[in-house]
Amino acid sequence: MIVHPIPTASPRPRRPGAAAAPYRCGRCLLLFALIAGLAPGTVAPFAGAASTASVTVDCAQELGAFSPRLFGTIAAPYFDPSGYAMTQASGFDLVQVGFQIPVPSNPNDSTLYDFTTLDQQVGAVVGIGAEPLVVYGLSRKPADLTAYATYVANIARHLNQGWGSGHFWNARAFRFGNEPDNPAYWQGTQQEFFQSYAAWAAALKAVDASYDLDTPALMSVRGTAGPESLSTWAVNFLSYCQTNGVPVDHFSFHAYSPLPYYAFYDNCRRVQAALLRYPTLSPLYGSPRAANDEWNTMVGDVWSGSYHAQFDSAWVAAHNIVGLINMVEQGLQLSIRYGGTFNGSPGGCHDFPLTDCAGQGKPAYHAFRGFSWLAGAIRLATTGTDHMNLAAVAGRRGDTIVVVVSDFDVTRYLGRFESGSSPAWTEYNRYVASSGVPAVYDGLNLTLQNLPWSASQQLVMERYLVDDQHALALVDSAAATGSAALFLSAAMAAPSVHVMRIYATGGTTGVGDPGPRGADAGLKAWPVPARDEIRFSVPGVAALSVDIFDVRGCRIARLGGREATLVWNARGHRPGIYFARAAGERGRPARIVVLP
């Protein structure tokens with residue numbers, strides 16, 4: 001049964017390399033078909049081309065809520081208040097904050113602390129409704145661990161208990177250290193690092209046992225003793241904490257590589273397997289949770305001294321989302337993407353942030369904005385990820401299902417951006433020797449099984465695209481009635497990120513953009529449903545322009561004028577689902593209107 005008017009009666013296999021047949025009207029390239037007459041959990045046979053990715057979501061198999069700390073970035077390389085608005089708009093819930101306050105001669109004398117920058121940063125994070133991850137930096141073991149522990153506790157008391165003319169912000173997450181396995185950041189022995197951490201952890205837990213402690217932020221966790229092994233730093237640290245009763249709530253590592261497989265998927269897999277062997281190490285969670293509190297495709301110009309253009313393109317966007325999904329699949333609970341929404345003056349222009357030097361979001365910014373639509377959702381079992389060029393993840397929040405698919409091409413990326421002597425080619429050749437040349441995808445077949453809606457409900461599917469021409473723009477939409485399963489097919493080309501939203505009309509979540517922290521922003525429409533006239537407005541906008549589209553993506557009306565409220569006369573239009581978007585809202589989900 002076809003519920004969307006597409007040129008064929010059912011999805012047809014494509015020849016390798018052939019593009020999906022476009023609908024003749026507008027921009028709709030999506031094939032949306034209802035799988036009728038199948039029992040829940042079954043999939044209609046479909047012979048996809050070799051280059052077509054097959055992704056299946058089982059809506060009945062729930063894997064627990066997405067951790068809010070997966071949506072994290074960094075407030076760096078400097079304090080800039082304007083960057084926090086972009087952080088909020090992109091949906092980041094966790095922002096890492098560092099500080100440089102030396103241990104004073106008398107750590108109990110609050111007048112010897114300069115809290116100015118720390119207060120600015122943490123206050124700004126709290127002000128946008130996000131959670132700060134406060135980082136204590138240390139490069140060597142303190143000469144007086146008792147004095148250091150007092151200092152550690154007083155920093156937390158200043159933030160949360162008003163100490164030193166402080167605040168009551170309820171900051172809960174704290175990180176210790178930065179790559180102690182890198183001599184550039186730790187000038188001491190392993191044992192000295194372990195002892196310093198133990199003093200730090202005891203001091204914070206004494207202030208509040210519910211504080212969440214993240215460490216050791218290792219540069220490398222991969223061992224050489226076998227496919228499951230960790231580095232000696234990781235093994236020895238966990239053993240020390242277990243033997244000495246030192247709590248670890250999040251065990252963290254770092255990752256920089258243009259290959260999403262080894263540094264992201266495989267390293268996180270190893271870490272997660274190891275942490276399960278320590279079921280009592282965290283007083284909050286039992287086993288410590290896996291965390292990656294610094295990662296990206298590469299470090300960028302701060303390290304190399306040269307600007308890397310790939311950061312300004314969809315290549316990094318697709319890579320980042322593949323890497324993040326790889327880690328989520330392997331149990332990651334905390335993520336900090338290195339390079340946030342702070343760029344330009346006063347810290348200079350850099351390549352690795354999510355925004356350019358004019359404060360505009362790069363493709364990676366919009367990719368994370370789409371990924372953040374999973375915040376607050378229950379993760380659903382999803383198959384199809386190959387851990388190198390394609391990754392998919394899905395979640396359900398209320399009556400909305402969100403599916404994120406990222407399409408990367410590591411071979412083309414390396415050929416374009418890495419020299420022949422780059423270590424990335426060595427990793428790539430190792431992967432090819434063991435797993436073959438990574439598949440390249442130019443199409444997507446998405447099957448959703450065990451849908452939660454009744455047969456009488458109307459469903460809407462939207463596809464949003466991030467690539468070098470689209471900034472999380474709505475490119476496809478279609479409608480259907482509820483059933484056990486849905487099949488969707490679309491063309492795609494690497495590098496790109498695709499965000500699909502499937503929802504029932506009149507549900508608890510609806511079609512509107514979740515917005516920053518769930519804000520109800522953007523175009524308003526009422527009454528819905530309506531038989532004759534529908535009114536539109538945007539809060540704070542006096543002169544308005546609104547486009548109306550049908551389910552095929554064809555614009556059927558344009559409203560405009562100097563009035564704050566516009567009226568669409570819907571008489572003469574067929575009953576069904578329509579979409580409305582205000583001028584200037586490109587990239588936001590459309591507002592749905594229903595004519596009964």
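How many helices and strands does the secondary structure of the protein come to? The count is eleven helices and 25 strands, taken as DSSP runs numbered from the N terminus (helices: H or I, at least four residues; strands: E, at least two). The model is predicted: local features need pLDDT of at least 70, side-chain atom pairs count only at pLDDT 80 or more, and totals for chains, interfaces and linings use all residues. Residues are numbered from 1 along each chain as its sequence is written, and side-chain values use heavy atoms, with hydrogens and water left out.

**Burial and surface**
- Of the 596 residues in the protein, 58% are buried (buried is under 20% relative accessible area, exposed over 50%, partly exposed in between; 1.4 Å probe, protein chains only).
- The protein exposes about 22700 Å², of which carbon and sulfur atoms supply 52%; accessible areas come from the Shrake-Rupley method with a 1.4 Å probe, and for residues only the protein chains shown count as cover.

**Contacts**
- Residues at least 24 apart in sequence account for 72% of the contacts between residues at least 6 apart, where contact means heavy atoms within 4.5 Å.

**Cysteines**
- One disulfide is found in a search of the whole structure, the criterion being a pair of cysteine sulfur atoms within 2.5 Å.
- This disulfide joins Cys 349 to Cys 357, with an S to S distance of 1.7 Å.
- The disulfide of Cys 349 and Cys 357 is right-handed because the torsion about its S-S bond is about 95°.
- Cys 349 is partly exposed at 42% relative accessibility, and Cys 357 is partly exposed at 34%.
- Cys 241 is buried, with a relative accessible area of 0%, and Cys 268 is buried at 0% relative accessibility.
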